[in-house]
Every structure is written in C-alpha cells, then in structure tokens.
Amino acid sequence: LSLSGNDDRNDDRVMRELSIAVKNNHGLALLMEGKVTEAIRQFQEGAIAARNQGQQTILIENEETTSLDHFSILSPHFNLSLLLWRDGHKDEATSLWLHARGMGQLTRKDLSSSEHRKLKSALEKAFNRHVLLIAEKNKHGRGGISDDYSEHVAQWQPESEGKSDDGRIGGLDAAQVLALDVLLLRHAAATASKRGAMSHLRSSGGLALSSFAAF
C-alpha cells in the first residue's frame, strides 16, 4: 500500500510538471504567432502552477539550494519575465524572476543594510559567472539572451534529467539565465538605491521642517 501510494504521488507530480511544460510551450507557440496577450496568459498560468506545486528554482550558487531546479518550473518564469521586461514592466519582471530564483527577499521596498550588501553580492556573483560562461561559449558560438524564442521551448523530460549542469540551469541555457539574473539584479539594485536616496531626502526634509517650525 505504501509503495502504491508513493507511485501515485510520483505519477501526480509528473503529470503536474507535464502540464506546466505544456502551458509554457503553448505560450511560446502563441508568441511566435504574434498573440502576445494570450502568450502571457499561458506563461502566467504555468508560473502559478509551478508555485502551487511548491517547487522553487535554484539560487545563484548551486550548493545553497535545497529545492528542485527542474526546467518545467523555471521556463515559464523565464519567458514571462522576459516579456514583461520588454513591455516596460520592469519592476514586475524583476520581482517575478528573482522570486523564482530564490532571491525574492532582495526585491522588498525596505531593504536593510545587510540586504543591500546581499543584493550587491548576488549581482557580482551573477555577473562574474555570466562572464565566465560567455567566454567559454564564445569558443563555440554566441551567449546571452537570445531573440529566438524557439530556443526556450521546454521539451518534456523526466525530473531526473532536468537538473543543472555546467551549461544549463533548470534545463535552460545557463548563459541566458544568468544574463537575465544580471539584468534584473541591476534593476533591483538601482531601484533600491533610488529608494534609499528618496528616504534620506524625506528624512532630511522632515528634520529641516521640524527645526523651522520650532522657531
């Protein structure tokens, strides 16, 4: 009975992962037909299904992860984040992607000084890792984020075949994943700096006004 129950749970997990991959691939097919709104809806459904399944993608450093990095989880987040960014929804893209990558805490509006340092460190790590991968890829071909959406089609495969290796993260090209990491971490860092500056100005203005009113 116990073995049968485990088999049933495994079958359910495989079917859920297949459903996520189907939504992602459907979204890409719609995108290539020029149906952007419908594509976004499919990516959103895939991303929601992935989160509901309770599976999160890896952090920048593999050894820090305690969760699955299966391609079916990362692909809809990648495609949706990329579309949101290209449509000008930069904050939404950043929040979605960094949460998917296990760095959602770095997108909060009230970052502490230690979290600011973590954000800077995460950006540096992603940038350095991306540079190294691009240098390696340039020996064989181009790297970075491709404009060819067909490269991101997630072909379904068993979970055991979807793990990360030196060239791939969550089944996607590692250079493209890290390029998106760098792009959105830079935006998160710039946004955090602006918020810090505005907070300082408001605080300084409040002190000046308080002093003036005392007279």
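These are my notebook entries on a predicted model of one protein chain.

**Entry 1: Ground rules.** I noted that residues are numbered from 1 along each chain as its sequence is written, and that side-chain values use heavy atoms, with hydrogens and water left out. Because the model is predicted, local features need pLDDT of at least 70 and side-chain atom pairs count only at pLDDT 80 or more, while totals for chains, interfaces and linings use all residues.

**Entry 2: The chain as a whole.** I looked up the secondary structure and found 6 helices and 2 strands. Helices (H or I, at least four residues) and strands (E, at least two) are DSSP runs, numbered from the N terminus. Along the sequence, the pattern reads α-α-α-α-α-β-β-α. I then looked up burial: 38% of the 215 residues count as buried. Buried means under 20% relative accessible area, exposed over 50%, and partly exposed in between (1.4 Å probe, protein chains only). The accessible surface of the chain is about 12,100 Å², and 54% of this belongs to carbon and sulfur atoms. Such areas come from the Shrake-Rupley method with a 1.4 Å probe; for residues, only the protein chains shown count as cover. Of the contacts (heavy atoms within 4.5 Å) between residues at least 6 apart in sequence, 70% join residues at least 24 apart.

**Entry 3: The largest nonpolar core.** Which residues touch the most other members of this core? I found Phe78, Trp97, Leu119, Val177 and Leu185, out of 36 residues in the core. Helices H1 (2-32), H2 (36-52), H3, H4, H5 (113-137) and H6 each give two or more residues to this core. The largest share, 9 residues, comes from H6. A nonpolar core is a set of buried Ala, Val, Leu, Ile, Met, Phe, Trp, Tyr and Cys residues joined through side-chain atoms within 4.5 Å.

Entry 4: I listed the contacts of Leu119, leaving out residues up to four places away in sequence: Leu106, Leu111, Leu185, Ala188, Ala189 and Ala192. Leu185 lies in helix H6 and counts as buried because its relative accessibility is 0%. The C-alpha atoms of Leu185 and Ser95 are separated by 9.8 Å, although these residues are 90 residues apart along the chain. I also checked Leu28, which is in helix H1 and is buried, with a relative accessible area of 0%. From Leu28 to Gln42 there are 14 residues in sequence and 8.7 Å in space, C-alpha to C-alpha.

**Entry 5: Aromatic rings.** How many aromatic pairs does a search of the whole structure find? I recorded 1 aromatic pair. Phe78 and Trp97 form this pair, which is edge-to-face, with 5.7 Å centre to centre and 75 degrees between the planes. The pair links distant parts of the chain, as Phe78 is in helix H3 (residues 71-86) and Trp97 is in helix H4, 19 residues apart. Rings of Phe, Tyr and Trp (its six-membered ring) pair if their centres lie within 6.5 Å; planes under 30 degrees apart count as stacked, over 60 as edge-to-face and the rest as tilted. Phe78 is buried at 1% relative accessible area, and Trp97 is buried at 0%.

**Entry 6: Around helix H4.** I listed the buried residues of helix H4 (residues 90-100) as Ala93, Thr94, Leu96, Trp97, Leu98 and Ala100. Lys90 lies over the face of Trp85, 4.9 Å from the ring centre. For such a placement, NZ of Lys or CZ of Arg must be within 6 Å of the ring centre and within 35 degrees of the ring normal. Just after H4, Gly102 takes a positive phi of about 80 degrees.

Entry 7: Asp173 lies in strand E2 (residues 172-173) and is buried at 18% relative accessible area. The side chain of Asp173 reaches the backbone nitrogen of Ala175 at 3.1 Å. Leaving aside neighbours within four places in sequence, Asp173 is in contact with Lys137, Gly167 and Arg168.

How values were computed:
A polar contact is a pair of N or O atoms within 3.5 Å; within protein, one must be able to donate a hydrogen and the other to accept it, and residues adjacent in sequence count only if both atoms are side-chain atoms.
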